[in-house]
Amino acid sequence: MFLKVNKNNVQKLKECIDSIISKTNYKNYEIDIVDDNSEDEETLEYYNQLKENSKVKVIKYDQTSSSFAKLINFGAKNVNGEYLVQWNINNQIIEDKWLDIL
């Protein structure tokens, strides 16, 4: 799974991550977050908290030009797994078998 993070948007990110972790029955997944140069302290602290979860990885995008396409391509090159789901942080999980169905 791949998430594109809007810079410093920690509240939406938390809601999204929490919904995935708490409502996904399928257990063989990884959440990869591409960080678009966040500077907000609350966002950076949340990234540190996420390090404790083995299913979540934060990938820093350190370039200054951050078009959506570049972020997607960067993320795709830096994730592992057989399948890649491009996920928006505005989405939340409502069906616990969503990944099985997908």
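What radius of gyration would a compact globule with 102 residues have, and what does the chain have? A compact globule would come near 13 Å, and the chain has 13 Å, which agrees. Here the radius is taken over C-alpha atoms, and the globule rule is 2.2 Å times the number of residues to the power 0.38.

## About the model

This is a predicted model, in which local features need pLDDT of at least 70 and side-chain atom pairs count only at pLDDT 80 or more, while totals for chains, interfaces and linings use all residues. Residues are numbered from 1 along each chain as its sequence is written, and side-chain values use heavy atoms, with hydrogens and water left out.

## Fold and dimensions

The C-alpha trace spans about 40 × 25 × 20 Å along its principal axes.

## Packing

Of the 102 residues, 36% count as buried (under 20% relative accessible area, with a 1.4 Å probe and protein chains only). Among contacts with a separation of 6 or more, 73% come from residues 24 or more positions apart; a contact means heavy atoms within 4.5 Å.

## Surface

The chain exposes about 6,300 Å², of which carbon and sulfur atoms supply 45%. Accessible areas come from the Shrake-Rupley method with a 1.4 Å probe.

Methods: Buried means under 20% relative accessible area, exposed over 50%, partly exposed in between (1.4 Å probe, protein chains only).
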